[in-house]
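I opened my notebook today to look up a few things in a protein model.

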Amino acid sequence: MLKVAFICVHNACRSQMAEAVARKMGKGIIEAFSAGTQLKNQINPDVVRIMNSLGYGDITRVQKPKLLQDLPEIDVVITMGCNVACPAIKCKYREDWGLDDPTGKDDATFLAVINKIECKMKELITKINNKEI
């Protein structure tokens, strides 16, 4: 299985949503991680609530905010589109998903970002299955 890391600044919102989606959609194909360049003390409560309502369960049971140095060796790095220069992380493949941060916005905005993550995840899994990565 490929180790895939979703990277954002605080590892509290988009990267946590992407990790949860990857854990579910990529089960048996990828091992999902997320991390940030700065640390928040918790996952955004709106993320936890909305992901739970969508059937992803209580993501706080298996996920927590982490820093880049907490990651194992990674095969694939996905950056969330944080408009900052992410530090170089050694990997075989890298993508930027260019996702807007929904923090502080309404549920519809969070749901739109989650939908984009799910679509991007399908594309990533297809690339992995087709041996493009």
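How many aromatic pairs does a search of the whole structure find? I ran through the whole structure and noted one aromatic pair. I kept in mind that this is a predicted model.

**The pair.** I looked up the rings of F6 and W97: their centres are 5.7 Å apart and their planes stand at 55°, so I wrote the pair down as tilted. Next I checked where the partners sit. F6 belongs to strand β1 (residues 2–8), while W97 is in the loop between β4 (93–96) and α3 (107–129), so the pair ties together parts 91 residues apart in sequence.

**Buried or exposed?** I looked at both partners in turn. F6 has 0% relative accessibility and counts as buried. W97, at 5%, counts as buried too. For the protein, I noted that 46% of the 133 residues count as buried.

**The fold.** I listed three helices and four strands. Going along the sequence, I read the pattern β-α-β-α-β-β-α. I then looked up the radius of gyration, 13 Å; the globule rule gives 14 Å for 133 residues, which is close, so the protein is as compact as a globular protein of that length. The C-alpha trace spans about 35 × 25 × 25 Å along its principal axes.

**Contacts.** I took the contacts between residues at least 6 apart in sequence, and found that 71% of them join residues at least 24 apart.

**Surface and charge.** I wrote down an accessible surface of about 7000 Å², with 48% belonging to carbon and sulfur atoms. Last, I noted 19 positive and 16 negative side chains, with the centres of the two sets 3 Å apart.

Key:
Residues are numbered from 1 along each chain as its sequence is written. This is a predicted model: local features need pLDDT of at least 70, side-chain atom pairs count only at pLDDT 80 or more; totals for chains, interfaces and linings use all residues. Side-chain values use heavy atoms; hydrogens and water are left out. Helices (H or I, at least four residues) and strands (E, at least two) are DSSP runs, numbered from the N terminus. The radius of gyration is taken over C-alpha atoms; the globule rule is 2.2 Å times the number of residues to the power 0.38. Buried means under 20% relative accessible area, exposed over 50%, partly exposed in between (1.4 Å probe, protein chains only). Contact means heavy atoms within 4.5 Å. Accessible areas come from the Shrake-Rupley method with a 1.4 Å probe; for residues, only the protein chains shown count as cover. Lys and Arg count as positive and Asp and Glu as negative; His and the chain ends are not counted. The place of a charge is taken as NZ of Lys, CZ of Arg, CG of Asp or CD of Glu. Rings of Phe, Tyr and Trp (its six-membered ring) pair if their centres lie within 6.5 Å; planes under 30 degrees apart count as stacked, over 60 as edge-to-face and the rest as tilted.
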